[in-house]
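Welcome! Open your viewer, get ready to select a few residues, and let's take a walk together.

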Amino acid sequence: MGQRPVGGGSGTNPRSGRQETEEERADRQWGDLLQELRVAQTGVQILFGFLLAVVFQPRFADLSTADRNIYVVTVMLGSATAAALIGPVSYHRLLTGRRMKPQTVTWASRLTKLGLGLLFCTMCSTLLLILRVALHNVAALWLVGGMALWFLVCWFVFPLWAIARNNGRRPADGGETPDAGDPDPRP
């Protein structure tokens, strides 16, 4: 395969180790991001649908004031999560054809990270509500705390551990930048 210019230079992209133009990299990263969003959006939509239906259940009237407040916070978090994780689609649609794909990927990636943080909060809040209603005791807080820790380990600790084990180097096959489209913070 011949050399292709990357950002005015020639050859391999120094940030990814791949031979691709900035536009090709943005297309690849956008495709990767869409696959990730499909997984997250499906889960958020199911969870949000469940949350919206709760208020119409007969037992909702029996909830304590604290549980109703947790419910309201949970619904608001679910709304914010859905907005953040669906936002990249709108962003892309509104910017399509304006030759802004690399910037679109960068902002969509940031919105996705925000959405995942909000999803963490939504999941914890949902668990707190359900376990408070189911258990009626302090064990609910301990279980939610344990599950929050597990989410943090699965979503953040394992990936950071993998980066640390690799001494922060990118793999030869062209690992992603820390925030797709942002400059590499390492020299």
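What is the mean pLDDT of the protein chain, and what share of its residues reach 70 or more? This is a predicted model, with a mean pLDDT of 83 for the chain and 80% of residues at 70 or more. Now select residues 1-11: here the pLDDT is below 50, and the stretch has 19 contacts in the model beyond near neighbours in sequence. Residues 180-187 also have a pLDDT below 50, with 17 such contacts beyond near neighbours in sequence.

Next, pick helix H3, residues 101-135. At 1.5 Å a residue, its 35 residues should span 51 Å, and the end C-alpha atoms are 49 Å apart, so the two values agree. Step just past H3 to His-136, which takes a positive phi of about 55°. Then select Trp-107 and Arg-110: the charged end of Arg-110 sits over the ring of Trp-107, 4.7 Å from the ring's centre.

Time for some rings! The whole structure holds four aromatic pairs. Show Phe-60 and Tyr-71: their ring centres are 5.1 Å apart and their planes lie at 70°, over the 60 needed, so this pair is edge-to-face. Phe-60 is in the loop between helix H1 (22-54) and helix H2 (65-95), while Tyr-71 is in helix H2, 11 residues apart from it. Are these two buried or exposed? Phe-60 is buried at 12% relative accessibility, and Tyr-71 is buried at 7%.

Move on to Trp-150 and Phe-158, another edge-to-face pair, with 6.4 Å between centres and 90° between planes. Trp-150 is partly exposed at 48% relative accessibility, and Phe-158 is partly exposed at 41%.

For the last stop, select Phe-120, Phe-151 and Trp-155, which ring pairs link into a cluster.

Technical notes
Residues numbered from 1 in each chain as written. Predicted model: local features only at pLDDT ≥ 70, side-chain atom pairs only at ≥ 80, totals over all residues. Heavy atoms only, no water. Helix = DSSP H or I, 4+ residues; strand = E, 2+ residues; numbered from the N terminus. Expected span 1.5 Å × (residues − 1). pLDDT = per-residue confidence, 0-100. Contact = heavy atoms within 4.5 Å. Phe/Tyr/Trp six-rings, centres within 6.5 Å; stacked < 30°, edge-to-face > 60°. Buried < 20%, exposed > 50% of the residue type's maximum accessible area, 1.4 Å probe, protein only. Lys NZ or Arg CZ within 6 Å of the ring centre and 35° of its normal.
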